[in-house]
Amino acid sequence: MTQQLEAKFVNEWLLMNHPNALQWRRVRLGPLPKVDLSRMFMVTQNWIDAIFLENDTVYMLEAKLRQESAGIGQLLLYDDLFRQTPEFAQLKEYPRKLILLCFRDIPSVREQCPKYEIEYVVYRPK
């Protein structure tokens, strides 16, 4: 249920703020497992909420409706995994920006984001 709410949250924010950007939503990141092990790895794959390309920059977006602090670590991991993802091989040298999209403002999380060059965005849908 939370995943569906986050997807709606992400879709609405992207539509309002980056409607013309090339977008990928709910994207698997990281190297592909060997074919014989792929079924087993389905549950351990890493999935980011959205990636979009705008002005020759790759933006990586993780949305959190709760447990906002977990988003920082996830984004840092996803940034590393992006370079290992075969589907994005042509974009791996593009500059990347990380965005943590949250439903509510958590001051302790907001204060940590600049330390890791993560843009902290609070969005309250209508």
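**Exercise 1. Which residues of helix 3 are buried, and which elements do they pack against?**

Solution. In helix 3, the buried residues are G71, I72, L75, Y78, D79, L81 and F82. Buried means under 20% relative accessible area, exposed over 50% and partly exposed in between, with a 1.4 Å probe and protein chains only. The model is predicted: local features need pLDDT of at least 70, side-chain atom pairs count only at pLDDT 80 or more, and totals for chains, interfaces and linings use all residues. Residues are numbered from 1 along each chain as its sequence is written, and side-chain values use heavy atoms, with hydrogens and water left out.

Helices (H or I, at least four residues) and strands (E, at least two) are DSSP runs, numbered from the N terminus. The buried residues of helix 3 pack against strands 1, 2, 3, 4 and 5 and against helix 4 (107–112). An α-helix has 3.6 residues a turn, so residues three or four places apart point the same way.

**Exercise 2. Compare the span of helix 3 with the expected value.**

Solution. The expected span is 1.5 Å times one less than the number of residues. Helix 3 has 13 residues and is expected to span 18 Å; from its first C-alpha to its last it reaches 18 Å, close to that value.

**Exercise 3. Describe the largest nonpolar core.**

Solution. A nonpolar core is a set of buried Ala, Val, Leu, Ile, Met, Phe, Trp, Tyr and Cys residues joined through side-chain atoms within 4.5 Å. The largest has 21 residues, and those with the most contacts inside it are L29, I48, I51, M60, F82 and L100. At least two residues each come from strand 1 (22–29), strand 2 (46–54), strand 3 (57–64), helix 3 (70–82), strand 4 (96–102) and strand 5 (118–122). Helix 3 gives the most, five residues.

Next, take L29. Leaving out residues up to four places away in sequence, its contacts (heavy atoms within 4.5 Å) include I48, I51, M60, Y78, L81 and F82.

**Exercise 4. How do strand 2 and its partners pair?**

Solution. Two strands pair if DSSP finds at least two bridges between them. Strand 1 and strand 2 are antiparallel, with seven bridges; R28 has W47 of strand 2 as its bridge partner. Strand 2 and strand 3 also run antiparallel, joined by five bridges, and A50 is partnered by L61 of strand 3. Two residues lie between the strands of this hairpin, where N55 takes a positive phi near 55°.
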